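Work through the exercises below with the structure open. Each task is followed by a solution in steps.

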Amino acid sequence: MKLGGYQGKILRVNLSTGETKIEPINEEWARLFIGGRGYGTRIMYEEVDPKVDPLSEENKVIIATGPLGGTLAPSSGRVMVITKGALNGAIACSNAGGHFGPALKHAGYDMIIFEGKAKAPVYLWINNGNVEIRDAKHIWGKSVDETDKILRGETHSEAETMAIGPAGEKLSLIANVMFNAHRASGRTGVGAVVGSKNLKGIAVRGNIPIMVADPDKFMEAVYKTRDKLAKDPIASGGLPLYGTDVLVNIINEYGGFPTRNAQDAYMPDANKIGGETLRERNLIRNEGCADCPIACGRVTEIKEGKYKGEHGGGPEYESVWALGAMCGISDLDAVIMANYLCDRYGLDTISAGSTVACAMELYEKGYMPESDSPIKLEFGSGDALVEAIKLMGEQNTPLGKLLAQGSYRLAEHYGHPELSMSSKKQEFPAYDPRAFKGIGLNYATSNRGACHVRGYTIAAEALSKTADRLAYEGKGMLTKIFQDLTAALDSTGTCLFTTFGLGADDLASLYSAAVGVECDGNEFMKLGERIWNLEKLWNLKVGFTRKDDTLPPRILKEPVKTGASKGEIEELDKMLDDYYKVRGWDKNSIPTDEKLKELGIYDLK
Amino acid sequence: MLNPLKCTGCRACEDVCSFAHEGVFNPIDARIKVTTFLEELTFVPSVCLQCEEPYCAEVCPTGALVKDTETGLVKFDANKCIGCKQCVVACPWGSIKMTHSTREIIKCDNCGGDPACIKVCPSKAITYEEVEDVVLAKQHSTAAQYKEIAKSMAKGVNP
């Protein structure tokens, strides 16, 4: 392997046979798809039929890092889970922070491919290149934080861990994969896929060095980008001070903060769950993922009331929104408690919160018979929220089992799928498309189902205000730019939050010096575009078409009732044709031959 | 000065230290160490404190470790080191160790007066300060608290 930044090795683990194998990184693929998300998708495309049942033995799970992971590049601690997602069958890449990614590289591997299914629960212990599949029967059923502790106890006190909780074990379609006990690869139901393989977790440590191609040029880029972030008002101001929850008041003031299952987009008492309040009432300290100068992570404690003494990581903005605003709840302690519970069960907070909100609307409208629910699912009730999360996590009641499948299956079960606030069956996050037109286009076209971190147009539509949030014109290009940039930077193993202060040129300078390839900002964007189109090709083979690139009817038809976006709806069709055009796709969202040839992936069609 | 209250646990100090001294990213070869207590989410940085009466220098049979009275540093001379590891045993902080690759003794050399770890620490958990300034800052902080207490007590006495 001539490229810098990579360790050059992939670990393949066949859980059915117990065999492990080391394979070299394919240099051509690395040049075309970087690492992490892009490279992982290329492996999936090569080895897995897009039509397989996501929870079958034929599906594979890839735990991957990128070439910048574990270096001093700002916020380069990301780890990615790439698989066919359990929630909707689309290509799933769900990524997390913490310290697992760098540890995997120090153990000698860029990524792990899991295939098959273990006969009984197991975990993987990787110690400096030595790999051992160990029995995990005694850990099956344990919460994520307990699992993390046991894995470290049985392996090494400084091992970094990955774990699923009871939700993943019981194949909840909104189960996540947790790293270091409280950093989540939250979305698309990756936890269920891991659970379906009887894989409880991984412990990893090592002391193999990570080398970059051009050390002098790399360190110059490191100090330049770290300086830029230190001067950025969001990356070095709002985020470390208030965490991502700083967005509550900002987004609510725009009237783009969906409340009560998006029946409105403005919450009068939102400040009670905002980052400023969280800092004052619950913050203990900031936590930074590996090599991160931002350190937006919250270490919190509940200091009064019935949950007094509970402590943990988070909550993040999206979690506060889903568990709080969407359920009409302004009781911050209940929201934090629900967030801790989701982490312990291994549930995606966005989907979990939005599913409880959906259940509350079904219950209040009488679509769900009262007799179906052991709790009074009323909007605004913190107790109902906490109890509903427990039902969802334990799955020992019919309602719990239903909730654990996400809002789409829940709403469909009661005959009202339109009440699921989702796209491609995945719950959308904390920005109302009626208030920010571009983010709706991104939700609808996101390759993994509704998601904000595929193309965070909010940075332009709400934070830097470089785009008119209510305009439709130009949103196709805006969405494409954010989607392509994110696909590339994810694949390098850095965090999206660096883009508050850094552009494609900056990221390209880090990538190019670390790996030792020529790459400027334009090339970097092209890498991202190639990755995006490869993901799209996967989704086309699954059977997704233009009709799936849509949003809930409520967002398209029901005007916002109060706040700064009163009267607004989202006219998605006005943007879709434009988006497909700037992407070089036809009207049915199929990439043209010219585009695929331009990107060098025509042969993969 | 090392401040666990400010440390975010990002461990950039370990990466920059190993890079500055070894040219690679590898925390095991860093002179500085951050210990993570995951249950409490607490992070504690530790590094050679350049002791006034360094045990490491006392046990060193070849004079490879010497307290430099001018700079205050405990200096290490690799040419004199025979690798007996008595300094590793003697250091109460675990701040003297061996590289995992070459098995050579390593310890913090303050990067010759311009420590790389301080440059990358985003939360100022590691700083380079005069002892007198640290003491003064602590005195001021305690005095400010005491001033408030005194004020409220005075109100109680003379309402």
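Predicted model: local features only at pLDDT ≥ 70, side-chain atom pairs only at ≥ 80, totals over all residues.

Residues are numbered from 1 along each chain as its sequence is written, while chains are lettered from A and ligands numbered from 1 in the order in which they are written.

**Exercise 1. The sheet of chain A**

Task: Give the strand order of the open sheet of 6 strands in chain A and name its edge strands.

Solution: 
- Helices (H or I, at least four residues) and strands (E, at least two) are DSSP runs, numbered from the N terminus. Two strands pair if DSSP finds at least two bridges between them.
- The order is E8-E7-E12-E9-E10-E11 (chain A), with mixed pairing.
- Strand E8 (130-135) and strand E11 (183-185) of chain A are the edges, each pairing on one side only.
- From one strand to the next, the twist averages 20°.

**Exercise 2. Around strand E12**

Task: Describe how E12(A) pairs with E7(A) and with E9(A), and how far E12(A) is covered.

Solution: 
- E7(A) (residues 122-127) runs parallel to E12(A), joined by 6 bridges; A:Asn127 stands opposite A:Arg205.
- E9(A) (residues 160-163) pairs with E12(A) in the antiparallel sense over 4 bridges, and here A:Ala163 faces A:Gly201.
- E7(A) also pairs with E8(A), antiparallel over 6 bridges, where A:Asn127 stands opposite A:Asn130.
- A residue is buried if 20 or more other C-beta atoms lie within 10 Å of its own, exposed if 12 or fewer, and partly exposed in between, with C-beta atoms placed from the backbone. In E12(A) (residues 199-205), 7 of 7 residues are buried.

**Exercise 3. Helix H12**

Task: Check the span of helix H12 of chain A against its residue count.

Solution: 
- The expected span is 1.5 Å times one less than the number of residues.
- The 14 residues of H12(A) (332-345) should therefore span 20 Å, and the end C-alpha atoms are 20 Å apart, which agrees.
- Of these 14 residues, 13 are buried.
- Just after the helix, A:Gly346 takes a positive phi of about 80°.

**Exercise 4. Backbone angles in loops**

Task: Where do A:Lys424 and B:Gln50 lie, and is each buried or partly exposed?

Solution: 
- A:Lys424, not a glycine, has a positive phi of about 50°. Its place is the loop between strands E16 (422-423) and E17 (426-427) of chain A.
- With 25 other C-beta atoms within 10 Å, A:Lys424 is buried.
- B:Gln50 also has a positive phi of about 50° without being a glycine. The loop between strand E2 (42-46) and helix H2 (55-59) of chain B holds B:Gln50.
- With 17 other C-beta atoms within 10 Å, B:Gln50 is partly exposed.

**Exercise 5. Chain B**

Task: Describe the side of chain B that touches chain A, then the domains of chain B.

Solution: 
- Two residues are in contact if their C-beta atoms, placed from the backbone, lie within 7 Å. The contact takes 20 residues from chain B and 25 residues from chain A.
- Helix H1 (residues 12-22) of chain B gives the most to the chain B side, with 4 residues.
- That side divides into 12 nonpolar (Ala, Val, Leu, Ile, Met, Phe, Trp, Tyr, Cys and Pro), 6 polar (the others, Gly among them) and 2 charged (Asp, Glu, Lys and Arg).
- Domain bounds come from an automatic or database domain assignment; for chain B this gives domain 1 (1-47 + 108-128) and domain 2 (129-159).

Note on methods:
Axes fitted to C-alpha atoms, helices over the stretch in contact; angles between N-to-C directions.
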